[in-house]
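Good morning. I will go through the charged pairs in this protein and then its nonpolar cores. Please look at the structure first.

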Amino acid sequence: MASSPCGNSNFDSGLEIKTRSVEQTLIPLVSQITTLINHKDKPKKSERTLAAIHRVGQAVSVAVGRFVAVGEAIATENQELKDEMGQACFEARRAGDAIAQLTDVGSALPSQTDGRVTVFSDRTGMVKAARLLLSSVTKVLVLADRIVIKQIITSRNKVLVTLDHLERVSTFQEFVQIFSQFGNEMVEFAHLTGDRQNDLKDEKKKARMAAARAVLEKCTMMLLTASKTCLRHPDCESARINKDAVFHRMRCALEQVIEIVTEARSCGENKILPASIYNGIKDFKSGVECLRENLYSMSPESVDSQLEALVERTEDFTDSAYTSHEQRQAILSLCQLVRQDTQQLMHAWIEAQSVHAKEATEDMEVAILKTCQSVSDLRRELHKVAVGRASDLLKVHGEQLPLRALKAAGAEGNLEAVAEYSRTLTEQKEQLVETCRLLCHVSGTEPLEITCIHAEETFHVIGPQIISAAQTLALHPSSKIAKENLEVFCEAWESQLCDMALLLREINDVFEGRRGCHSLFPQKHSANLKTAKAVKLDAEEQTSMAKLGLELRLLSSDVDTEVEKWEEQEHDIVRQSQSLPIVTTQYTNTHMLRFCICSFLKMEKLVALCQQLQTGAKTPVQGKTATFQKVPTLRPHPFVSLFVCTVVMKMNQ
């Protein structure tokens, strides 16, 4: 279990699991069961060792009993899971009882010669009971996770209903009331989805979840100001267009979250990742290098097809109006070199096959090395072009000249100037969109590809929104809310430029081999989310955890120090547990199940954290700065700070 699961063994339950939390929950259980199985290899035990074995077995049984009690309570509250959960709990209890019986001291007899105890308990029975226990416990955890998915869907549905109400309001007073409710619902949704994002093992899903949550976070303030502007100027067409675009984007982001948690594929993963040059080069090199060991691992036709598909993708670079003549010629020359080297490889390959060679000949080895080198040179050139263009654009756009001009023209009511600077911003937007597309080709990891696509979509959407906001201000130059609305959209543009700079740094790190497969958004938000998890327990949750804080220190390393040096051997049950793939996150009831297996959280620490939260909440503050300083300390999550500060500081403007 220490290594990352890579197999598809599913035990008797046939369940696939994909999250770290379930894996971490099972680790101590697997560890101690392994200990119980291993001790059978050495039949003679001292009384101290036997006592330790007995203690482990009894501890497993007691802990499983408590764990099952929580599972049965969940089944009672969720009728749709009652039958499945009941059966899984029954099997877990039966397995725990069997393990307790097999480790009972009464089953061991003293030796006639040295007085040491010989254990005669059934090894096969222990393996069978361990297999059943792990299978049933895993099934309980996965079934409980369905509740978490249901919670996220229910939370999303509440947000959508309130979003519909917000879109239809006709008075400012009604909007204030509904937006306050919307804020609370979004906070709940943010925490549920934040926990799942942190728990996902699939980096692609994690990056997609992070991108969708980033959209919701940034669009919330846009929704507030765009809606207020529309209410203040109900007959303004540009204000309506501006507001409609925000609502549409939020609905799309909410739908993407649900696609991820339910693993739906209606418009998600199949469309989100276009074929990148990086992946094309990686696959091409891999296929070519495999020819060293097996001359028949692929056909010459397939190699030629892969190469042509790869060269075709470089047209995104060579056909671009923003690619210089020198860069275009360098790319075309390298493509031609790759073709020539591949043709030489083909000749050497066919010749080796004609003499029935079993592995690559010397000529063929030279051709393989040359082909791999030339295609690597092509990748390096494409990376240089994409990163260089992005760096240049960030320098130019860092001055924010079109945004400043749009703000000034709007405040002066100059529609002609707004139209002129809008054309400039549109051109910059097209440059950024195309650059993000090129970065996607060379990003190096699928999570970073997803982040590039998110950046591309963000620039594509926000550009027109800034223009519509500027048009509204130009039509109503004395409107404070129209001015504030334009500021919000300009800030979102600037924020995305900052994110692009971070993205560029990560792409360079991956290219230079300094970083692994990470995406921008999980790194950006995970720290806040983890902190939020630690302090968000209220009094009711704390009480529930106190009741369910089952002491599985019985499954801790303390026992290992008492047990004599038993041999560490690989067993079928351990191998199967190590190959578990993992499925979903834990929240509320599912968290309780985790605490039944792993009591790593100290109740004293939770009490202290809750007291800190209560004390902080009661401390009065005045003024905008104090409010923004206090909110993150109480519940350090970007959505929370955004909503609370928004309601406190902006709703009555």
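One definition to begin with: a residue counts as buried under 20% relative accessible area, as exposed over 50%, and as partly exposed in between, using a 1.4 Å probe and protein chains only. What you see is a predicted model, where local features need pLDDT of at least 70 and side-chain atom pairs count only at pLDDT 80 or more, while totals for chains, interfaces and linings use all residues. Residues are numbered from 1 along each chain as its sequence is written, and side-chain values use heavy atoms, with hydrogens and water left out.

Now the charged pairs. Side chains of opposite charge can pair when their charged atoms come close. The term salt bridge here means a side-chain nitrogen of Lys or Arg within 4 Å of a carboxyl oxygen of Asp or Glu. How many salt bridges does a search of the whole structure find? The search finds 21.

Take E434 and R389, whose side chains meet in a salt bridge at 2.8 Å, N to O. E434 lies in helix α15 (residues 415–442) and R389 in helix α13 (residues 362–397), so the pair ties together parts that are 45 residues apart in sequence. Helices are DSSP runs of H or I, at least four residues long, numbered from the N terminus. Are these two partners buried or exposed? R389 counts as buried at 11% relative accessibility, and E434 counts as buried at 17%.

Next, R251. In its salt bridge with D164, the closest N and O atoms are 2.7 Å apart. D164 is in helix α4 (residues 123–168) and R251 in helix α7 (residues 237–262), so this pair links parts 87 residues apart in sequence. R251 also forms a salt bridge with E167, with the closest N and O atoms 2.6 Å apart. E167 is in helix α4 too, so that pair ties together parts 84 residues apart in sequence. D164 is partly exposed at 28%, R251 at 24% and E167 at 26%.

Last, the cores. A nonpolar core is a set of buried Ala, Val, Leu, Ile, Met, Phe, Trp, Tyr and Cys residues joined through side-chain atoms within 4.5 Å. The largest has 108 residues, and F317 and W493 are among those with the most contacts inside it. Leaving aside neighbours within four places in sequence, F317 is in contact (heavy atoms within 4.5 Å) with residues including I277, L382 and L438. A second, separate core has 33 residues, V56 and V140 among them.

Note on methods: Helix = DSSP H or I, 4+ residues; strand = E, 2+ residues; numbered from the N terminus.
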